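Visitor: I would like to learn how to read a model of this kind. Could we take a few features in turn?

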Amino acid sequence: MCGSLLLACTAILFPMASAQVPKDRKNVLMLYWDNKDIPGNISFDLGFLAGMRSEPRDNWEVYNEYLDSSRFPGKHQNEILYDYLRQKYEGSSIDVIVATPDPSVEFLLKHRSDLFPNSPIVFVAVKRPPPEILAAGPGITGIIRANTHRKTLDLALALHPDTEQVFVVSGTPELDKRFEIVARQELSAYENRVRITYLTDLPLNELIAKTASLPKHSIILYVWQRLGGDQSQLQTHEVLELIARSASAPIYGMGSRNVGYGLVGGYVQDSEQNGIEVAQLVRRILNGTRASDIPVDSAPSALMFDWRQLQRWGLSENKLPNSSIVKFKELTFWQQYKLRILLVAALFAVQTALIAFLLIERKRRQRAREALDRLNAELEERIAARTAALNAKSRELETFAYSVAHDLKAPLRGIDGYSRLLLEDHLAGLNDEGREFLKTIHSSSGEMSQLIDDLLEYSRLERRELKSDYVELGPLIKSVVEQKKREAAETSIDFVVDVNGGSIVADPNGLTQSLRNYLDNAVKFTEKVSHPRIEVGSKELAEKFLVWVRDNGVGFDMKYHDRIFDIFQRLNTSEQYPGSGIGLAIVRKAMERMGGKAWAQSQPGQGATFYLEIPKQSTQVN
Amino acid sequence: MNEEPSPILIVEDRLSDLDLTKRAFARRRILNPILEARDGEEALAYIGKWEAGERRPVCILLDLGLPKISGLEVLRQYKSRPISSTIPVIVLTTSADDQDIAEAYKLGCNSYIVKPVEFDNFMEVASHIEVYWCALNTAPR
């Protein structure tokens with residue numbers, strides 16, 4: 001058994017006696033084997049505290065003590081620790097003592113009557129204390145850590161049915177041999193089935209070399225192995241990690257702490273889980289249950305595997321027992337990102353569909369556009385052809401009108417000429433009535449001549465090409481008015497010109513013609529008023545010029561304001577005011593060809609104002 | 001002047017116009033004898049006569065709207081033949097068409113006059129023609 005124990009220097013330093021302890025506070029003493037830094041103790045502590053805190057109760061205090069026999073071996077350590085604990089806890093009340101693992105339990109039971117005669121004990125151990133001890137004094141309860149060597153080896157042999165040799169790694173330092181002893185007991189039954197070799201107390205290098213070159217059909221059972229001493233001591237899982245890298249056979253083991261460092265798997269016990277279990281027992285005792293009334297239970301063990309090692313040794317997950325827990329499973333890319341992959345794929349699909357749709361749509365639109373373009377082109381061709389035909393027809397008509405007007409003049413000359421000759425040379429042979437007839441013939445032919453001239457002018461306007469010249473509006477208006485003034489010198493018309501200068505691009509002939517016709521009109525219709533007056537003005541607007549000719553003549557009814565610009569439309573008889581009814585039509589046509597406008601405003605008896613609207617940049621309008 | 005003045009050739013299809021022109025000249029006491037041609041063919045026939053030694057006119061009054069051969073064609077031929085190319089040709093026509101005017105000048109007419117309708121004005125034109133082309137103007141011999 002455990003021969004020597006060592007006093008833990010890291011224990012709580014203040015003496016219990018001097019501590020100010022509230023009356024209802026419960027005290028729990030933890031008695032660990034080994035120091036506080038070993039992984040098993042840390043896990044157990046974590047689990048224990050978590051279990052204690054699972055139901056809030058602040059009135060308990062935990063005191064930790066460590067036997068630490070690995071680092072302080074020696075025969076008298078046992079007595080030293082005994083003295084230490086006795087002095088430290090003398091006079092204090094410990095409500096429960098937790099001891100783990102077996103060496104601690106053994107130490108405690110040995111000194112219980114002297115140290116803590118009234119404290120119930122909760123233990124975690126491999127070895128079950130005999131019933132008389134369990135019932136003695138304030139009672140003992142706890143959990144038994146069943147050895148899982150056999151179960152684990154059974155598992156390994158099932159997974160590797162052709163196994164011929166089993167190598168058991170355990171040993172150093174001295175105390176660890178306990179584990180080998182247990183292992184030997186456990187595994188002795190297998191000696192007939194497989195050859196079992198104990199790799200005990202081998203130095204690290206040798207251990208690594210040995211495990212790296214094991215014969216075929218071997219497996220390793222990793223029990224316990226710590227190396228070195230003091231500060232540089234390698235923990236058991238660290239040793240495992242070192243040999244597992246190069247091991248030529250799969251490694252099985254029983255420590256949950258070792259899963260993840262190279263174990264394939266095994267029935268493992270978990271110190272943290274044990275800690276939680278123990279905490280439940282402690283709380284029951286603190287709440288009043290007698291320890292001896294709580295049956296001793298088995299510590300939970302789990303069948304655990306390292307997924308990476310399963311892969312390494314080619315073991316299928318399907319072969320594992322149903323209750324297996326597989327840890328460190330590396331999810332496949334699919335498993336890891338399934339949702340995201342699906343999402344991205346869906347997105348991609350949607351996007352692709354969308355792009356395809358857009359491409360198809362674009363193609364369709366392109367086709368439609370092409371069809372439309374073709375139609376447009378055809379339409380334009382047809383329009384162009386028809387326009388050309390129309391233009392030709394129109395020119396033909398104009399030419400026809402022009403030649404008709406022309407040819408009409410020739411006989412007119414005969415009528416006029418001979419009626420004059422008759423009047424001059426044969427006057428004596430005519431009576432008054434005959435002379436009157438001849439005068440009528442003469443004046444009619446004059447009228448007709450004027451009509452033909454106006455018609456010719458009108459049709460010439462159509463035939464003539466429109467010019468786009470730079471025109472100074474002021475001088476042009478003034479010169480046209482001056483000329484009219486001279487022509488009308490015999491009349492008493494008062495001409496008033498008030499025009500603002502300004503230059504435009506327009507057809508000067510059309511402009512002159514329009515203005516002249518307006519003036520002719522004004523002269524004609526002021527003939528019969530007492531103080532005839534004609535005003536000519538202009539005004540510059542944003543894009544155009546406005547020119548007007550205002551008279552104080554007879555005026556007209558506004559209901560005729562548009563009609564007077566139509567060809568052959570007259571408001572008076574030719575006896576009242578002679579005229580062909582073409583003059584204003586010429587004006588309107590000339591202005592329209594320049595992109596301008598012509599209109600008039602009047603009231604009967606109030607005179608009339610005739611307007612020209614000329615764009616500054618006139619464009620030919622067909 | 002003992003010598004009879006050179007004739008004036010009037011190319012005119014319209015009898016009334018021809019008659020009126022002659023009367024107008026007579027009223028203005030124009031003594032030049034009047035030669036007549038009633039269509040394009042007759043007008044061109046004079047070229048042969050002149051080449052044969054007949055007396056050439058002092059000027060030609062040429063109408064444009066002629067039967068058979070157009071006035072412009074007659075003008076072109078007159079101006080392209082040496083015997084007639086130096087005779088002043090006065091186009092006297094009803095047409096005031098810009099194209100006709102331009103074409104006539106291009107072919108070498110010496111004057112272009114639109115026939116007035118009114119008799120008085122016509123008289124005046126005839127008078128001006130006589131004064132200008134028969135009296136003032138010196139044509140090559």
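**Reading a helix, a sheet, a core and an interface**

Guide: This is a predicted model. Start with a length check: helix α1 (residues 15–27) of chain B has 13 residues, which at 1.5 Å a residue should span 18 Å, and its end C-alpha atoms are 18 Å apart, which agrees.

Visitor: Which residues of α1(B) are buried?

Guide: B:Asp17, B:Leu20, B:Thr21, B:Ala24 and B:Phe25 are the buried residues of α1(B). Looking down the helix axis, these buried residues fall within an arc of 135 degrees, so they line one face of α1(B). On the other side of the helix, B:Leu15 and B:Ala26 are exposed.

Visitor: What do the buried residues of α1(B) pack against?

Guide: They pack against elements of both chains: α11 (333–425) of chain A, and β1 (8–11), β2 (34–37), β3 (59–62) and α6 (119–136) of chain B. Just after α1(B), the backbone at B:Arg29 takes a positive phi of about 60 degrees.

Visitor: How many residues of chain A are in contact with chain B?

Guide: 13 residues of chain A are in contact with 13 residues of chain B. On the side of chain A that touches chain B, α11 and α12 (432–463) of chain A each supply at least two residues. The largest share of that side, ten residues, comes from α11(A).

Visitor: Next, confidence. What does chain A average in pLDDT?

Guide: The average for chain A is 83, and 92% of the residues score at least 70.

Visitor: Now strands. Is β5 of chain A largely enclosed or exposed, and why?

Guide: Strand β5 (residues 140–144) of chain A is largely enclosed by the rest of the structure, because four of its five residues are buried. Pairing is read from bridges: five of them join β4(A) to β5(A), and the two strands run parallel. A:Ile121 stands opposite A:Ile140 in β5(A). β5(A) is also joined by two bridges to strand β11 (residues 297–298) of chain A, again in parallel. There, A:Ile144 has A:Ser298 in β11(A) as its bridge partner.

Visitor: Where is A:Val126 placed?

Guide: A:Val126 is in the loop between β4 (121–125) and α4 (131–135) of chain A. A:Val126 has 16 other C-beta atoms within 10 Å, so this residue is partly exposed. Its contacts, leaving out residues up to four places away in sequence, are A:Pro101, A:Asp102, A:Ile144, A:Arg145, A:Asn147 and A:Val182. The C-alpha atoms of A:Val126 and A:Ile143 are separated by 8.5 Å, with the two residues 17 apart along the chain.

Visitor: And cores: which residues have the most contacts inside the largest one?

Guide: In soluble globular proteins, nonpolar side chains tend to be buried together. Here the largest nonpolar core has 45 residues, and A:Leu519 and A:Ile614 have the most contacts inside it. Helix α14 (residues 508–525) of chain A gives the largest share of this core, seven residues. Beyond its neighbours within four places in sequence, A:Leu519 is in contact with A:Val480, A:Val481, A:Lys484 and A:Val549. Another core, of 38 residues, lies apart from the largest one and includes A:Val166, A:Ala249, A:Met254 and A:Val259.

Notes:
Residues numbered from 1 in each chain as written. Chains lettered and ligands numbered in written order. Predicted model: local features only at pLDDT ≥ 70, side-chain atom pairs only at ≥ 80, totals over all residues. Expected span 1.5 Å × (residues − 1). Buried ≥ 20, exposed ≤ 12 C-beta atoms within 10 Å, placed from the backbone. Arc of directions from axis to C-beta. Contact = placed C-beta atoms within 7 Å. pLDDT = per-residue confidence, 0-100. Pairing = 2+ DSSP bridges. Core = buried A, V, L, I, M, F, W, Y, C linked by C-beta atoms within 7 Å.
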